[in-house]
Amino acid sequence: NCCFLNVGATQSGFVDVSSVSGFDFPDDGRSIARVDWDHDGDIDFWVANRNAPQVRFLRNEWDGNRSWLVLRLRGTTCNRDAIGARVEVVARNAPHQKSIKTLYAGDGFLSQSSKWVHFGLGEVRKIERVEVSWPGGEVETFTGVSVNHRYRLVQGRGEAAECPVARG
C-alpha cells in the first residue's frame with residue numbers, strides 16, 4: 001500500500017509518505033473508503049484487503065489546528081442524495097480562495113466513501129458563503145456557516161441546519 005502527499009507546484013508534485021503515514025502495510029489492498037468515523041473533523045479510512053486482515057481501520061490522529069467543514073446535502077427536486085451537486089466554500093477574507101468539491105456515488109473500486117462532503121480548510125477561520133450547484137442547474141447560496149461544524153443543506157430551504165454529533 002502506498003500514500004502520496006500532494007506538495008503542490010514543486011518539482012516532484014507528490015511525495016511518498018507511506019511509511020510515516022502508517023499506510024505501508026504488506027496487505028493486498030483492494031478498496032479504500034473515506035469517512036470522518038470519529039467525528040473529529042479529519043478523514044479516517046476503512047481499507048478492504050484480499051488477504052488478512054480483510055478489513056483494516058486507519059484512524060487519522062492529526063492534532064494540528066486546521067479548520068474544516070462537513071456538509072450533508074439533500075435534494076428535493078433533484079435526486080434525494082444530491083449526487084452530482086457541486087459545492088463551493090468561499091473564505092470571508094479571501095473571496096478568490098475557494099474550495100470546490102463534487103458529490104459522487106461509487107467513487108472507488110469495491111467501496112463507497114461517506115456522502116458527507118468534507119472540506120479541509122487549513123488556515124481559514126471564517127466562511128463567507130457556501131454555494132451549491134444542485135443537479136439540474138439550480139444554484140443556491142447558504143450563509144451563516146462556521147468552520148469546524150457539520151451542517152445539513154436541503155435544496156430550496158436556503159439555510160444551513162447544524163448537525164451536532166451525538167456522543168455516547
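Q: Which residue of strand 12 does Leu73 stand opposite?
A: In this predicted model, strand 6 covers residues 67-74 and runs parallel to strand 12, residues 149-154, the two being joined by six bridges. One of the bridge partners in strand 12 is Arg152, which pairs with Arg72. For Leu73, the residue opposite in strand 12 is Leu153.

Q: Which residue of strand 13 stands opposite Leu153?
A: Strand 12 is joined to strand 13 by three bridges, and these two strands run antiparallel. They form a hairpin with five residues between them, and Gly156 in the turn has a positive phi of about 90 degrees. In strand 13, the residue opposite Leu153 is Ala160.

Q: Which strands stand at the edges of the open sheet of four strands?
A: The sheet has mixed pairing and the order 9-6-12-13. Each edge strand has a single partner strand, so one side of each is left without a neighbour in the sheet. Neighbouring strands of this sheet are turned by 30 degrees against each other on average, with direction ignored. The edge strands are strand 9 (117-122) and strand 13 (160-162).

Q: How many residues apart are Phe23 and Phe45, which form an aromatic pair?
A: The count of aromatic pairs comes to four, and among them is the edge-to-face pair of Phe23 and Phe45, at 5.4 Å centre to centre with 75 degrees between the planes. Phe23 lies in the loop between helix 1 (18-21) and strand 3 (29-35), whereas Phe45 belongs to strand 4 (residues 44-49), so that the pair links distant parts of the chain, 22 residues apart.

Q: Is Phe23 buried or exposed?
A: The relative accessibility of Phe23 is 13%, and a residue under 20% is classed as buried. Phe23 therefore counts as buried.

Q: Why is the pair of Trp37 and Trp46 described as edge-to-face?
A: The ring centres of Trp37 and Trp46 are 5.1 Å apart, and ring pairs link these two residues and Phe57 into a cluster. Trp46 is partly exposed, with a relative accessible area of 29%. Planes over 60 degrees apart count as edge-to-face, and the planes of Trp37 and Trp46 stand at 80 degrees.

Notes: Residues numbered from 1 in each chain as written. Predicted model: local features only at pLDDT ≥ 70, side-chain atom pairs only at ≥ 80, totals over all residues. Heavy atoms only, no water. Pairing = 2+ DSSP bridges. Axes fitted to C-alpha atoms, helices over the stretch in contact; angles between N-to-C directions. Phe/Tyr/Trp six-rings, centres within 6.5 Å; stacked < 30°, edge-to-face > 60°. Buried < 20%, exposed > 50% of the residue type's maximum accessible area, 1.4 Å probe, protein only.
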